[in-house]
Amino acid sequence: MKALSKIFVFLCLSFLFMQSQGYSQNGDEYDLILERVFEEYQSSPNTATLNKEAKEWSESIKENGSWEDINYKDQSGTGWKPDRHIKRIGTLTKAYTRKESELFGSEKVYNQIISAAEYWINLNPAPNSSNWWWISISVPQEIGKLLSAMRFGTKKLPQELENNLIKWMNMTVSTSKSPGKDGSNLTDIAQHRIMQAALTKNENLLSESVKMTSESIRFSEKDGIQRDYSFHAHGPELYMHGYGMEYLSGIRNIEVYVKGTRFSYTPEQMELISDFVKKGYLQVIRGKYIDYSVIGRGISRNNATRTNSNLVKQLRDVVPDESTKTYGDAIKRIQEDESTSFGVEPSHTHYWRSDYTVHHRPEFMVSVNIASNRTIRTESGNGENLNGQFLTEGAMYIAVDGNEYFNIFPVWKWYMIPGTTTPANQKLKKRTNWVAENGNVDFVGGVSDGINGVTTYQMDAYKTKAKKAWFFFDDKVICLGAGISADRPEPIYTTINQSLKKGEVWTGENTSLKEFTEKEAHFDKDLKWVWHDAIAYYFPSSQNIRLSAQTQSGSWKAINSNSSDKKIEMNVFNLWIDHQLNPSNSQYSYILLPGIESPDGISSASVSSIEIVENSSDIQAVWDNSNKLLGVVFYKKGKLEWNGNTISMDQPGVVLACQTDDGEWTINYADPTQKLSGNVKGEFKFNSNSKNLNFKLPTGNLAGSTISENVNF
């Protein structure tokens, strides 16, 4: 009996010991999270900048804890003034808790923090904004960070004051429905919920907050990472940067906070994040500049297309080790430690979930952005992107250095976006409200073998129709248009490029070019070549071509109602094809050769291997004899004949055929409509040999992706 009693006592003591260890572990986890939040918070700005800013706010704060220059009654949706109050408390808190700061441990600053915090919580009515983001994300995140930092201060905040500030962290939208449950909104809200959980030692809140973000680390049918590694926000809208960047930043921050705890993300989840970075996020950057097509309404913000290496460095530290070279090469390009070509491998990607294409060579990057009826045109909202109606009509980003379009947007002619065929409507109606419309047609898509590809758009918008195709063949992009018709009061332009004018412009009827010294000119015959800023343009036939190289003016306010109306002037290179009024079955054809550093380089640029086999409303096709590439867009079932060979398909689609060195062929097919099911059949005849083709179409979130067949005669 005594033995049983001893065993019982031993078990009870063991249980109590394990419980105490568990509580201790949990307590350590909360403290660890707070410490990491504090360290992250103190990582910027540098101490000299912090001292300067903190002294300014310390000297200008009023006795009641407010600042004279802040309108606390402001309720605007952008640039909300009361947020500055919270940010200034944060700056004072950083200075008070940073040992290197001149204001570290200052009794005066401590009292000012208390005074400013009390002023905030006693405001009546409480500060409010017409934009939910400020109260749901900006304010509670800053409060969470400054409360975490004060836990490491010489003196802590009074508990009642801390509790009252925490109440502000609960004034957030629900995370069970939009907008709180979507993409970067979810990760932004989760970050301050995690801080609150650590401050209050709330295990359920901590677990739930990490869990809801971990569930977003997957391929999504809605907002978030798509199956093709593009990113959607606000519906099926392309946002690889902007909201995509915010999402990555949020996931990275949460991983830093909880790594090594019971709440950490799994290795598989971080692997997917890394894949999105490598196959999506980094693919839309040239040097230190971002493709304007992937930042949504942010295109109307100053400096929005220039990035820095901070987030890439931060992500490199939390992703699997085998990814670090890709990150390191990108960091060197962004920081300009190496050239824009450093570490860039030839690649071609069509993001079928987003109707977006990117073609990379070490010498350049070119993209095309389109909206089908499956995806959303670039949105306007919060007074931003007022003129961006045509941004998804086949917009092209043609980049060698990457800065070809940097901050050009105030002076852009928004009816002439590179790559588009659109009405020359010089009085575009301002999109003053939230506008997020789907495209009009389903025939939008592309085929890719990973190195080369073809993209197509059967345009039917703004009372304008066109069959548009882009053939990305190694170092060239062949651009074709057919069936162009319109019923508009304005002429129809196909804009080849509208970029910053940098240096000289050269033109020529052959490879012998002369400098273009006029402001504007019209060429209706004989023009073959145009060269500007390391990009050559070749015209295989006579077309109604116009060229402008002169000053254009505008203002940021014209495209973003929150910005300055100061007049801005820039020198702009503009090259376009004029289809004139009410065209009927008009065409265009031109070839881009980016990466030709000087006009002299045109003499060695070969276009003789490129044959435009057909450019009609039924078929658009190009043969590249040097690379043994055939690209075909079948707008309906049909047969193409070229050089005594044929390829036929029993359904519409896009085809890329490539012959290998050993004579074999790879035939790639994609369904732009993403509506076909079952099998698509065809026949390929080459040098009197024939082979039947039978493509089993992908389904679900793979619909529209490329499928391949190998042909060996």
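Helix 7 gives the most to the lining of the second largest cavity, with 3 residues. Helices (H or I, at least four residues) and strands (E, at least two) are DSSP runs, numbered from the N terminus. A cavity is a set of points on a 1 Å grid, over the protein atoms alone, where a 1.4 Å probe fits but cannot get out; lining residues have an atom within 4 Å of a point. Points are joined across faces, edges and corners, and a volume is the space filled by probe spheres set on them.

This is a predicted model: local features need pLDDT of at least 70, side-chain atom pairs need 80 or more, and totals for chains, interfaces and linings use all residues. Residues are numbered from 1 along each chain as its sequence is written, and side-chain values use heavy atoms, without hydrogens or water.

The second largest cavity has Asp-182, Gly-183 and Tyr-243 among its lining residues. Helix 7 (183–200) and strand 2 (231–232) are the elements that give two or more residues to this lining. In the largest cavity, the lining includes Glu-237, Leu-238 and Thr-392.

The structure holds 5 cavities of 30 Å³ or more.

Now the whole protein. There are 12 helices and 32 strands. Of the 713 residues, 58% are buried (under 20% relative accessible area, 1.4 Å probe, protein chains only).

Definitions and conventions:
1 Å grid on protein atoms, 1.4 Å probe; cavity = no way out; pocket = protein on both sides within 12 Å on 5 of 7 lines; lining within 4 Å. Buried < 20%, exposed > 50% of the residue type's maximum accessible area, 1.4 Å probe, protein only.
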